[in-house]
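Q: I am new to this structure and would like to learn how to read it, one feature at a time. Could we begin with the helices?

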Amino acid sequence: MSDSYHDQLLQDTPYLRGDRRLDTELLDRLVLQLNRIYPQILTDKEAQKFRNLKVPTGIRLAELLTHLQKKGEEACHEFYRALQIHAEDIYVSLPSRMSKRGPLFFISCFSVAVGAAFLYYYGAESKVLGDAKKILGFTALGLGRRAKEVLVSYAKDNSSRQ
């Protein structure tokens, strides 16, 4: 896959057009961002066209995406920046963002899970790994709520046994 924003926008267009979270209010914020900060991408006249409430949001969005693709790489890049600023949840769920993770991301996640399982399975019998269990409690600081609860409870449980 190419790393150009133009190609990414081509790939993401069907997803964006089908995403119900991209509503009239968000579309207006994106258009205003592109118009006010980058008037070379969207002129005042073009911004008015894409903000016309008489036209359904889906049609305005499709026209905006087509317009940006015709404007080129910089316009597509600035659209992604505006989307990231105003709708991070949509931005991170785009097909082009998901494919950037690649197989290395999943291998590293699997490796962490295997390492934790290894510590859990063999850690109960070894005094050498006692300190490693305490580290699990500190490791939980940067994780999500559920992972944090599991690691902290495991570290507490094993420290009370010793």
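This is a predicted model: local features need pLDDT of at least 70, side-chain atom pairs count only at pLDDT 80 or more; totals for chains, interfaces and linings use all residues.

Q: Which residues of α2 are buried, and what do they pack against?

A: The general idea is that an α-helix has 3.6 residues a turn, so residues three or four places apart point the same way. In α2 the buried residues are Leu-26, Leu-27, Asp-28, Leu-30, Val-31, Leu-32, Gln-33, Leu-34 and Asn-35, and these buried residues pack against α3, α4, α5 and α6.

Q: What are the buried residues of α4, and what covers them?

A: The buried residues of α4 are Thr-57, Arg-60, Leu-61, Ala-62, Leu-64, Leu-65, His-67, Leu-68 and Gln-69. What covers them includes α1, α2 (24-37), α3 (44-50) and α5. Just after α4 comes Gly-72, which takes a positive phi of about 115°.

Q: How should I read the way two helices lie against each other, taking α1 and α4 as the case?

A: One looks at how near the axes come and at the angle between their N-to-C directions. The axes of α1 and α4 come within 10 Å and cross at roughly 175°. Because angles over 145 degrees count as roughly antiparallel, α1 is roughly antiparallel to α4. On the side of α1 the contact is made by His-6, Leu-9, Leu-10, Thr-13, Leu-16 and Arg-17, and on the side of α4 by Leu-61, Ala-62, Leu-65, Leu-68 and Gln-69.

Q: At what angle do the axes of α2 and α5 cross, and which residues make the contact?

A: The axes of α2 and α5 come within 10 Å and cross at roughly 130°, and the two helices are therefore oblique to each other. The crossing in which α2 passes α5 is right-handed. Leu-26, Arg-29, Leu-30, Gln-33 and Leu-34 of α2 make the contact with Glu-78, Phe-79, Ala-82, Leu-83, Ile-85 and His-86 of α5.

Q: Is Gln-33 buried or exposed, and what is it in contact with?

A: Gln-33, whose place is in helix α2, counts as buried at 15% relative accessibility, because buried means under 20%. Leaving aside its neighbours within four places in sequence, Gln-33 is in contact with Tyr-38, Ala-82, Ile-85 and His-86.

Q: Is Pro-14 buried or exposed?

A: Pro-14, which has its place in helix α1, is exposed, with a relative accessible area of 57%. The C-alpha atoms of Pro-14 and Pro-95 are separated by 9.7 Å, although these residues are 81 residues apart along the chain.

Q: How many aromatic pairs does the structure hold, and how is a pair described?

A: A pair of aromatic rings is described by the distance of the centres and the angle of the planes. The structure holds 3 aromatic pairs. In one of them, Tyr-5 and Tyr-80 form a tilted pair, 6.0 Å centre to centre and with 45° between the planes. This pair links distant parts of the chain, for Tyr-5 is in helix α1 (residues 5-18) and Tyr-80 in helix α5 (residues 73-86), 75 residues apart. Tyr-5 counts as partly exposed at 27% relative accessibility, whereas Tyr-80 counts as buried at 2%.

Q: What kind of aromatic pair do Tyr-80 and Tyr-91 form?

A: Tyr-80 and Tyr-91 form an edge-to-face pair, 6.4 Å centre to centre and with 70° between the planes. Tyr-80 lies in helix α5 and Tyr-91 in helix α6 (residues 88-92), so the pair ties together parts that are 11 residues apart in sequence. Tyr-91 is buried, with a relative accessible area of 10%. Ring pairs link Tyr-5, Phe-79, Tyr-80 and Tyr-91 into a cluster.

Methods. Residues are numbered from 1 along each chain as its sequence is written. Side-chain values use heavy atoms; hydrogens and water are left out. Rings of Phe, Tyr and Trp (its six-membered ring) pair if their centres lie within 6.5 Å; planes under 30 degrees apart count as stacked, over 60 as edge-to-face and the rest as tilted. Helices (H or I, at least four residues) and strands (E, at least two) are DSSP runs, numbered from the N terminus. Buried means under 20% relative accessible area, exposed over 50%, partly exposed in between (1.4 Å probe, protein chains only). Contact means heavy atoms within 4.5 Å. Axes are lines fitted to C-alpha atoms, for helices over the stretch in contact, and angles run from 0 to 180 degrees between N-to-C directions. Angles under 35 degrees count as roughly parallel, over 145 as roughly antiparallel, 65 to 115 as roughly perpendicular and the rest as oblique. A crossing is left-handed if the near helix is turned anticlockwise from the far one by less than a right angle, and right-handed if clockwise.
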